[in-house]
Amino acid sequence: MDINLMMEITPLLMKAAWITIDISARALFFGFFIASALVALRTSRHVPIRWLARAYISVVRGTPYFVQLLLVFYGGPALGLRLDPFTCGVVVGAFNIGAYMSEAIRGAIESVDSGQNEASRSLGFGRLATLQHIILPQSAGLMIRSIGVLAIILVKNSSLVSIISVVELTYQAQRLIGSTYKPLEVFTLSALMYIVIIYAVMGIVEFLYRRATRYTYL
């Protein structure tokens, strides 16, 4: 194994790794708001709205992220939607992870005993106040863990944006292999960087989980 080569290409891969982190973080951030909106729509009193939200989630979860990415990037211009590769990766990633995250959030909320909601309403709390002060604090731990798993999946899926020429970690690794002809060294180094990123995400999730559950017995 060529250690000198690995030291030489490390700065290039680290720069690409920041692109991976950036695109994943942005997609997760916007995906959370999309997920929150979908949860609100899924719990709407109007049946057509609930049906539309359920249909969207089913379509997104039933089609590969890879296909969604190609559909938006290459098919979007036909509908007047022209996105640069980075923006396309963020947008598709956000709408994709938002569908999965909405189910994680909804499941965490529904895991709280229904008696909690009934007791809160009997004490005069409104629907939003009950959600904010009673339901969410109790479901936060499970919600954070579930979102953490999805965040890790999102980081791994970010490698697929290399197909639309986003210079993230996988794309940069492929370029370096083409110029160095040393796939073992390049992919070993890029794999180590993915591991570091994923373990950093796991550390953040564990910290948030402990903060959220410090007053509970979850």
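**The cavity**

Tutor: The largest cavity has a volume of about 50 Å³. A cavity is a set of points, on a 1 Å grid over the protein atoms alone, where a 1.4 Å probe fits but cannot get out. Volume is the space filled by probe spheres set on the points, which are joined across faces, edges and corners. This is a predicted model: local features need pLDDT of at least 70, side-chain atom pairs count only at pLDDT 80 or more, and totals for chains, interfaces and linings use all residues. Residues are numbered from 1 along each chain as its sequence is written, and side-chain values use heavy atoms, leaving out hydrogens and water.

Student: Which residues line the largest cavity?

Tutor: Ile23, Ser24, Ala27, Tyr65, Gly89, Gly93, Leu154, Ser158 and Val161. Lining means having an atom within 4 Å of a point.

Student: Which helix gives the largest share of that lining?

Tutor: α1, with three residues. Helices here are DSSP runs (H or I, at least four residues), numbered from the N terminus.

Student: New topic. At what angle do α3 and α4 pack?

Tutor: About 135 degrees, with their axes 10 Å apart. Axes are lines fitted to C-alpha atoms over the stretch in contact, and angles run from 0 to 180 degrees between N-to-C directions. α3 and α4 are therefore oblique to each other. Oblique is what remains after under 35 degrees (roughly parallel), over 145 (roughly antiparallel) and 65 to 115 (roughly perpendicular).

Student: Which residues of α3 make the contact?

Tutor: Tyr65, Gln68, Leu69, Val72 and Phe73. Contact means heavy atoms within 4.5 Å.

Methods. Helix = DSSP H or I, 4+ residues; strand = E, 2+ residues; numbered from the N terminus. 1 Å grid on protein atoms, 1.4 Å probe; cavity = no way out; pocket = protein on both sides within 12 Å on 5 of 7 lines; lining within 4 Å.
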